[in-house]
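Subject: Structure handover

Hello,

Here is the structure I promised to pass on. Please open it next to this email and follow along.

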Amino acid sequence: MQDVIVKIAQSEQEKEDAFFIRKEVFVKEQGLPLPLEMDDLDKIATHIVAYYNESPIAASRIIVDEKSYSVKVERLSVLPKFRRKQIGVQMMQTIEAFIRENFPNVSLIKIHAQIHAIPFYEKQGFRVTSPEFMDNYIPHRAIEKEI
């Protein structure tokens with residue numbers, strides 16, 4: 001989608017924009033309790049946010065574990081009216097580029113993906129690495145991608 005800007009959140013406002021998206025998708029839409037969605041990892045995570053006409057439309061966060069040479073991508077979320085418009089693809093491309101540029105020793109991206117999102121991630125080169133499990137009352141599977 002043209003006119004979409006995906007960026008690594010630098011300012012407090014950009015982080016708040018990411019939190020807004022996550023609350024809209026995970027709390028309001030999917031019914032996750034706010035204390036389960038917003039956690040202490042938000043303080044150490046790198047946040048990513050996408051904007052369309054200067055309004056936030058998608059978000060994610062990453063947690064780097066340089067000891068295991070891996071990064072965990074979490075909370076990828078896109079507002080409903082912007083789904084199926086390649087926003088998630090743009091988010092993942094930006095995330096991967098950021099990881100490659102800033103963490104050259106990282107060789108693996110890990111995600112706990114909601115079951116319905118697995119086909120999206122498989123198209124991005126991820127493979128399923130676990131049986132189904134429940135995470136915050138929602139079925140997930142672990143997936144990975146070597147970079």
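This is a predicted model: local features need pLDDT of at least 70, side-chain atom pairs count only at pLDDT 80 or more; totals for chains, interfaces and linings use all residues.

**Aromatic rings**

A pair of aromatic rings is described by the distance of the centres and the angle of the planes. How many aromatic pairs does the structure hold? There are four.

Take Y52 and F82. Their ring centres lie 5.6 Å apart. The planes meet at 55°, so this pair is tilted. Edge-to-face would need an angle over 60 degrees. The two residues come from distant parts of the chain, 30 residues apart. Y52 belongs to strand β2, residues 46–52. F82 sits in the loop between β4 (70–78) and α3 (87–102). Are both partners buried or exposed? Y52 is partly exposed, because its relative accessibility is 24% and buried means under 20%. F82 has a relative accessible area of 8%, so it is buried.

Now look at F98 and F103. The centres of these rings are 6.0 Å apart. Their planes stand at 70°, so the pair counts as edge-to-face. F98 and F103 are both buried.

Further along, there is an aromatic cluster. F120, Y121 and F126 make it up.

**E96 and its contacts**

F126 turns up again here, as a contact of E96. E96 is a residue of helix α3. Its relative accessible area is 10%, so E96 is buried. Which residues does E96 touch, leaving aside its neighbours within four places in sequence? They are I109, Q124, F126, K145 and I147.

Most residues other than glycine have a negative phi. Two residues are worth a look on that point.

E54 is not a glycine, yet has a positive phi of about 70°. You will find E54 in the loop between β2 and β3 (55–65). Is E54 buried or exposed? Its relative accessibility is 77%, so E54 is exposed.

R75 is not a glycine either, and its phi is positive at about 60°. R75 is placed in strand β4. The relative accessible area of R75 is 18%. That is under 20%, so R75 counts as buried.

**Where to start**

I would begin with the Y52 and F82 pair, then go to E96 and its contacts. After that, turn to E54 and R75.

Best wishes

Notes: Residues are numbered from 1 along each chain as its sequence is written. Side-chain values use heavy atoms; hydrogens and water are left out. Rings of Phe, Tyr and Trp (its six-membered ring) pair if their centres lie within 6.5 Å; planes under 30 degrees apart count as stacked, over 60 as edge-to-face and the rest as tilted. Helices (H or I, at least four residues) and strands (E, at least two) are DSSP runs, numbered from the N terminus. Buried means under 20% relative accessible area, exposed over 50%, partly exposed in between (1.4 Å probe, protein chains only). Contact means heavy atoms within 4.5 Å.
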